[in-house]
Amino acid sequence: MAAGATYEPIATTTLSSAAASITFSSIPATYTDLRLVLTATSSTAGADVQIQFNGTTTAYSHTYMYGSGSAAASGQVTGATYIYLDYLVGLSTTIPSLYEVDIFSYAGSTFKTLLNRTAEDRNGSGEVLASVGLWRNTAAITSIYLFLSAYNFATGTIATLYGIKAA
Amino acid sequence: MANTYTLIEAQTLASSAASVTFSAIPATYTDLVLRVSVRRDASGRQDLRLAVNGSTSDGSNTWLQGSGAAATSGTSTAQYVRINNIVPSTAETASTFGSAEFYLPSYLASANKPISGFGVGENNATTAYIGAVASLYSQTTAISSLVLSLATGSFDIGSSFYLYGIKNS
């Protein structure tokens, strides 16, 4: 393996005021994979986090499984305009939700896949979710757009994009 | 740009141990990652428990588990952060270890802290478990220690534990 850094922060956004979305743009094509870590709350409870690439609103699908604390289930969404990173619970105004999103071979010329894990425990209720997403587009990913189904990301929300090099 | 995924401490057991502790965790990172490979030294599959700052009552969990036959979900409160049933024992296939990862973002923040866990205890037998857990450490103090244990018994020789720090800038 080549010497040198293989897991590097590309950019971090820490919200100092509420915002409807978070965008990472001009993502360099110098890594193999990307990892996005989001720790988020919202201005009003219940908003779901969603993701798009390159400002595109077509050709997304995903398959998910989740535990609600009382049931385990799986489903899929096709022909979507974005990929959900939540299913049931959505953001809290006080307790941060954690999202770990791995985006594979983002600079390649094949369709793009992601693997997401969402942790939203609310001390007696909550949701744990794992999902795989597909963006049927061969363009390199140069921007990532995180947005909510409603309301705003709250102050203190942190999103960090890391680049991972295979060698 | 600097590499920001840094090994803080590694521990591999040369003898069985009831618990493994990472203490005096430096306050110089943004997030923590804990990766383990674990087996029990006696019979009876176990849950993997994580006590944050030594607390056995400030953790809560929403979990999803697959046994090879069914998927189930549940919650628990006022206890450890835990991944159920993923630690193989001497009753399972020899030399099989459970693997797990915990991600602890913003471990220095003065807020309640979400934790994500994922683990597997595959052993080439009829019953084995995979588990994902959303956890919450309901304290606003910075995380300075992590203690891993089983509900009953000890970790076996060869169990290994790695704590990494991640900087986001």
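**Core, contact and sheet in a predicted model**

The largest nonpolar core holds 86 residues, and L36(A), V128(A) and I144(A) have the most contacts inside it. Such a core is a set of buried Ala, Val, Leu, Ile, Met, Phe, Trp, Tyr and Cys residues joined through C-beta atoms within 7 Å; a residue is buried if 20 or more other C-beta atoms lie within 10 Å of its own, exposed at 12 or fewer and partly exposed in between, with C-beta atoms placed from the backbone. Strand β10 of chain B (residues 130-137) gives this core its largest share, 6 residues. This is a predicted model, in which local features need pLDDT of at least 70 and side-chain atom pairs count only at pLDDT 80 or more, while totals for chains, interfaces and linings use all residues. Residues are numbered from 1 along each chain as its sequence is written, and chains are lettered from A and ligands numbered from 1 in the order in which they are written.

What does I144(A) touch, leaving aside residues up to four places away in sequence? The list runs to F24(A), I27(A), L36(A), I51(A), F53(A) and L161(A). Two residues are in contact if their C-beta atoms, placed from the backbone, lie within 7 Å.

Turning to chain B, there are 12 strands and 0 helices (DSSP runs numbered from the N terminus: H or I of at least four residues for helices, E of at least two for strands). With a radius of gyration of 16 Å, close to the 15 Å that the globule rule gives for 169 residues, chain B is as compact as a globular protein of that length. The radius is taken over C-alpha atoms, and the rule is 2.2 Å times the number of residues to the power 0.38. Buried residues make up 49% of chain B. Of the contacts in chain B with a separation of 6 or more, 78% link residues 24 or more positions apart.

Where the chains meet, chain B puts in 35 residues and chain A 34. On the chain B side, β5 (59-66), β6 (71-79), β9 (113-120) and β10 each give two or more residues, and β6(B) has the largest share, 6 residues.

In chain A, 4 strands form an open antiparallel sheet in the order β2-β11-β4-β7. Strands count as paired if DSSP finds at least two bridges between them. β2(A) (21-24) and β7(A) (83-84) are at the edges with a single partner strand each, so one side of each has no neighbour in the sheet. β4(A) (residues 49-53) pairs with β7(A) over 2 bridges, and Q50(A) has Y84(A) as its bridge partner in β7(A).
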